[in-house]
Amino acid sequence: MSRRDFFRASGLVAAGAVGGPALLGGLTKARAASPAKPAWDSRFSACDMCFNKCGLIARVEDGVITKLDPNPKFLKSRGMLCARGNAGLAQVYDPDRLKHPLLRKGARGEGKWQRIPWDEALDMAAQKMAEVREKYTPCGHLFTAGSDLQSQFVGRFAEVYGSFNVTSHESLCLVSGSRAFLDTFGEVPFADVLNSKYILMVGANRFEALVTPDSIDLMTTIRENGCKLVTLDPRYTKTAALSHEWYPVRPGTDMAFMLALAHVIINEKLFDPQWIADKTFGIEQLTAHVQRYTPGFAAEQCGIPAEDIARIARELAAAAPSSMVYPGRRTSDYEDSTQIRRSFAIVNGLLGNWDRPGGLLAARQVGLKGVPYDAPWYDENREDRIDAGKVPMMFEHEGSFVVTRDSVLNDDPYPIRGWFIYKTNPMGTAPNRKKTIEMMNKMDFVTVVDIAMSDTAWMADLVLPSQSYLERKDPCSGLQGSVACACVVKRDPVIDPLYESRPLFDIMKDIAGRMELGEFFDFTLDEYREKQTREIPEALGVMDRDGVYYNPSKVYGIYDGRIYKTLSKKVELYNQRYEQMGLDPLPEYTPPAGPAKNQFRMVIGRNAMITQSSTANNALLHQFLPTNTLWLNPEAAGRLGIKDGDLVEVTSPVGRQELKAEVTDRIRPDTVFMLSGYNTLSTMQHLSHNNGASINELLDDDFDAITGNASMHTTFVTVTRKVA
Amino acid sequence: MAQQLAMVIDAAKCIDCKGCVAACKVANNVPEGQFRNWIKHAEYRAVPGISDNGVRFQPGACMHCENPTCVAACPTGATYKDFDTGEVVIDASLCIGCGNCIPACPYHARYRNEVTRKADKCNYCPERRAAGLQPACVDTCPTKARVFGDINDPTSAAGALFLKNKERLTRVTAKTNTLPNMYYLGDPGPGDWGGEAVVPASMVAMQESAPFIKGIVALSGLGVLAMLGRQLFAGSGSDHKEDTDA
Ligand code: SF4
Ligand code: SF4
Ligand code: SF4
């Protein structure tokens with residue numbers, strides 16, 4: 001007799017059954033062999049905890065989401081869901097969520113709000129927008145949206161309202177990188193990580209800042225396909241730790257490293273001469289240009305031994321065309337970040353990896369179509385955006401947030417007094433938070449649509465609660481992901497919307513209706529989806545069945561027999577358009593300033609649990625990352641008398657913050673680092689308010705001279721121990 | 001051959017993203033600040049240049065041991081080894097929350113669930129398996145570092161991996177060797193964190209602190225005491241199987 005049987009016989013079982021769950025249920029062995037009918041309904045959706053939109057299946061019990069699981073058929077995310085994806089529940093059921101429309105009562109940022117009915121809120125939004133247009137012309141209103149599946153309706157609204165002034169989050173992130181690759185290859189590539197044999201990872205941290213499918217493919221390829229991974233980073237990130245080689249590059253010197261690689265590849269004739277002759281433009285100019293950038297020169301700049309630089313160049317070339325300098329995403333780093341990324345693109349050009357396995361891939365055919373409309377004409381309107389002409393090569397539909405902000409502050413060349421913001425948080429993501437506050441204070445009326453009281457909402461006049469990604473119906477969206485797929489996703493509600501939340505689409509529609517712009521929103525989302533999928537009519541049904549639709553389009557050789565969308569119609573090692581515009585046609589290296597004595601360069605970065613400012617208040621993720629710390633090298637800490645865990649004060653030219661020091665050799669002695677998203681002003685974010693330090697309060701607001709991308713790595717700070 | 005459910009883990013693939021930990025928490029309602037699974041790593045030094053590839057992020061959870069000392073420590077039979085599947089199970093309806101099993105696990109895989117007040121640990125997500133799904137941590141893992149299944153079944157993913165890599169499989173070895181059913185492919189990284197199983201020396205103290213048990217013991221008389229005594233001595237030995245006649 002086993003103990004269990006003994007206890008059963010002795011009556012303990014019955015006693016146990018009183019207090020516990022159904023005993024028989026507890027005893028029944030759950031076997032994997034025979035799937036029973038699960039206790040939950042399964043519904044497809046796509047994650048929205050970052051921009052990746054990984055496919056998921058929501059398990060719903062009695063109208064409540066109990067678990068989010070990966071959709072195994074979703075190849076772009078390789079059938080996975082990261083910690084943030086799993087924490088989607090905590091976002092939807094966050095007690096801090098906005099529940100009903102709120103109207104500001106006290107001073108801006110004072111936190112006094114009055115609950116108002118939706119009708120009143122929409123009337124007010126429409127009336128205030130009309131007033132701004134009346135007084136300041138349509139361009140007197142700014143529209144800002146994040147990269148959400150409904151964000152396109154903000155763009156549509158802005159256009160029919162008549163404003164060119166639209167900004168997104170991208171100019172705080174990646175536009176300089178996009179610019180550089182676009183101006184080299186004619187389009188922004190996808191990296192074929194999975195099939196690569198050699199990856200040089202510089203200025204990207206793919207095992208912590210997860211991007212699908214690259215992050216996952218990177219592990220598969222280095223462990224299973226024998227790909228070599230070399231990482232340059234001032235921090236010993238997890239990517240660095242798992243790489244074959246890591247070099248703590250001196251911040252801001254990446255371009256010297258790249259030009260030295262080009263120097264070696266060219267001088268040792270390690271490129272494919274046929275490819276260079278057929279497909280590229282400017283090898284002579286580049287050859288002359290890189291002569292002065294020897295490995296020895298780069299070594300002095302970067303702090304990486306010259307022989308390693310030369311060896312890495314040779315290894316990259318030997319593995320070409322299945323090798324790459326990984327393009328990376330967050331390229332908002334220096335004032336010449338477009339040129340820095342051009343140097344990355346140029347090395348890829350030399351490797352001849354464009355459109356080939358293991359290299360950089362062109363965008364594939366997804367099959368979705370746009371839904372065109374004719375925006376009305378406004379005679380009284382301005383000629384151009386407020387940030388027009390201030391940097392030479394901005395992306396029209398993304399704008400430059402920092403340039404726009406300066407323009408607004410100076411009414412240069414005209415005033416902007418209204419601001420509509422959907423699901424992005426410039427107060428928490430743009431450098432120099434004080435300036436964003438000033439910009440807010442300049443506004444007659446600010447409307448924010450979001451699910452939480454972000455710092456941006458906190459500074460608004462009217463806050464409208466929107467639905468989370470699991471509560472609403474979204475348009476279709478096309479996704480690319482290396483060789484993984486060109487796919488289409490959509491979102492349908494998996495639960496009924498909570499509180500009084502409404503989707504942005506309805507909000508835009510209702511405001512438009514009140515402004516005699518109703519005809520531009522005269523459709524349902526189903527009708528919109530039908531139009532988007534008019535050339536792939538099977539897609540909607542397939543998405544209902546699988547949660548995703550794949551377009552079986554070509555992966556490699558897309559450019560066979562096709563010309564590149566550049567001036568020379570080839571890969572532009574030397575950029576002719578830049579030359580015409582008076583910009584450096586080849587990247588010129590300028591040594592970065594070093595920190596003054598007792599100062600540090602502050603760098604930004606991610607980890608796998610954080611999406612900018614939108615996750616620090618997530619109750620589940622908070623358990624993993626309760627606060628942020630200042631990474632400080634032991635050498636520097638020793639000099640300053642700072643011990644691990646000490647409270648320190650960090651001072652920059654624009655702000656001051658306090659947080660705990662994390663003394664670690666995972667960062668260079670001249671550099672400090674902290675995560676973003678903490679120490680929110682909004683007290684309605686209980687976990688992030690008054691917790692840690694706000695990095696955007698500290699960062700100075702320099703920007704890339706070509707695109708206006710914010711440059712987040714140009715701030716020097718001093719660090720002192722805070723005496724209690 | 002009976003089943004042996006187990007995890008076969010490639011620690012070299014783990015990127016310490018904590019997806020598995022988050023998934024487990026949601027799937028199993030693990031209270032705030034408590035965890036059924038983990039990622040361990042040694043203190044690593046940042047050494048520039050060519051890496052010796054020593055950094056390992058080691059995913060883990062209850063190892064459903066061959067010789068589970070937790071079973072030995074459980075006075076009520078709530079914790080038992082299911083010899084059909086190889087799982088170490090906690091029957092919540094029998095668990096009195098005495099906590100004896102917690103120090104008895106040399107891997108600190110158990111905790112007292114703050115909400116249910118009962119012992120808790122990884123249970124391989126039975127509700128999910130019943131629905132034909134993988135355990136939550138395995139399903140969600142981006143790099144599929146965690147592989148789960150019956151290692152006695154060569155056609156299962158875990159079984160195939162287990163058989164193919166027999167030579168290089170390692171286990172984390174605690175001071176008390178419980179023969180864990182968590183297998184790592186090659187070097188799993190830190191191997192020295194497993195401690196010593198502390199099985200309560202006397203059930204007397206337990207009885208006094210748990211009136212409920214005392215009642216039961218009174219009810220069923222000497223048999224229980226004899227059984228408990230036997231369990232204490234036999235349970236931590238390798239001949240623990242005689243304890244069950246399943
Ligand atoms: S001893 Fe620890 S690891 Fe082993 S079965 Fe028991 S709880 Fe799990
Ligand atoms: S198998 Fe289930 S209970 Fe065990 S660690 Fe994984 S998710 Fe948690
Ligand atoms: S989900 Fe996978 S990769 Fe991420 S920490 Fe867990 S085991 Fe490691």
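Residues 202-246 of chain B are a stretch to treat with care: their pLDDT stays under 50, though the model still gives them 59 contacts beyond four places in sequence. This is a predicted model, and its overall scores are ipTM 0.92 and pTM 0.90.

**Confidence, chain by chain**

- Chain B has a mean pLDDT of 84, with 81% of its residues at 70 or more.
- For chain A the average pLDDT is 93, and 95% of the residues score at least 70. Residues 1-33 of chain A are another matter, with pLDDT below 50. That stretch has 58 contacts in the model beyond near neighbours in sequence.

**What sits around the ligands**

- Ligand 1 has 13 residues around it, and the nearest are B:Cys62, B:Cys65, B:Cys70, B:Cys105 and B:Arg110. Sorted by class, this shell has nine nonpolar, two polar and two charged residues.
- Ligand 2 also has 13 residues around it; here B:Cys24, B:Asn28, B:Cys122, B:Cys125 and B:Cys137 come nearest. Its shell splits into nine nonpolar, three polar and one charged.

**Helix packing: α11 against α14 in chain A**

- Helix α11 (residues 254-267) and helix α14 (residues 295-302), both of chain A, have axes that come within 9 Å and cross at roughly 165 degrees. An angle over 145 degrees counts as roughly antiparallel, so that is the label for α11(A) and α14(A).
- The crossing of α11(A) past α14(A) is left-handed.
- On the α11(A) side, the contact uses A:Ala256, A:Phe257, A:Ala260, A:His263 and A:Val264. They meet A:Pro295, A:Phe297, A:Ala298, A:Gln301 and A:Cys302 of α14(A). In class terms, the contact comes to eight nonpolar and two polar residues, with no charged ones.

**Helix packing: α14 against α15 in chain A**

- α14(A) also packs on helix α15 (residues 306-319) of chain A, at an angle of about 120 degrees and with the axes 8 Å apart. That makes this pair oblique.
- The crossing of α14(A) and α15(A) is right-handed.
- From α14(A), the residues in contact are A:Pro295, A:Gly296, A:Ala298 and A:Ala299, and they meet A:Ala306, A:Ile309 and A:Ala310 in α15(A).

- As background, most residues other than glycine have a negative phi, and most peptide bonds are trans.
- A:Ala320 and A:Pro321 are joined by a cis peptide bond, with omega about 0 degrees. A:Pro321 belongs to the loop between α15 and β13 (323-325) of chain A.
- Another cis peptide bond links A:Asp412 and A:Pro413, with omega about 5 degrees. Look for A:Pro413 in the loop between α17 (401-409) and β15 (418-422) of chain A.
- A:Lys569 has a phi near 60 degrees, a positive value in a residue other than glycine. A:Lys569 sits in the loop between β20 (549-550) and β21 (571-572) of chain A.

How values were computed
Residues numbered from 1 in each chain as written. Chains lettered and ligands numbered in written order. Predicted model: local features only at pLDDT ≥ 70, side-chain atom pairs only at ≥ 80, totals over all residues. Heavy atoms only, no water. Axes fitted to C-alpha atoms, helices over the stretch in contact; angles between N-to-C directions. Helix = DSSP H or I, 4+ residues; strand = E, 2+ residues; numbered from the N terminus. Parallel < 35°, antiparallel > 145°, perpendicular 65-115°, else oblique. Left-handed = near helix turned anticlockwise from the far one by under 90°. Contact = heavy atoms within 4.5 Å. Nonpolar A, V, L, I, M, F, W, Y, C, P; charged D, E, K, R; others polar. Near = heavy atom within 4 Å. pLDDT = per-residue confidence, 0-100.
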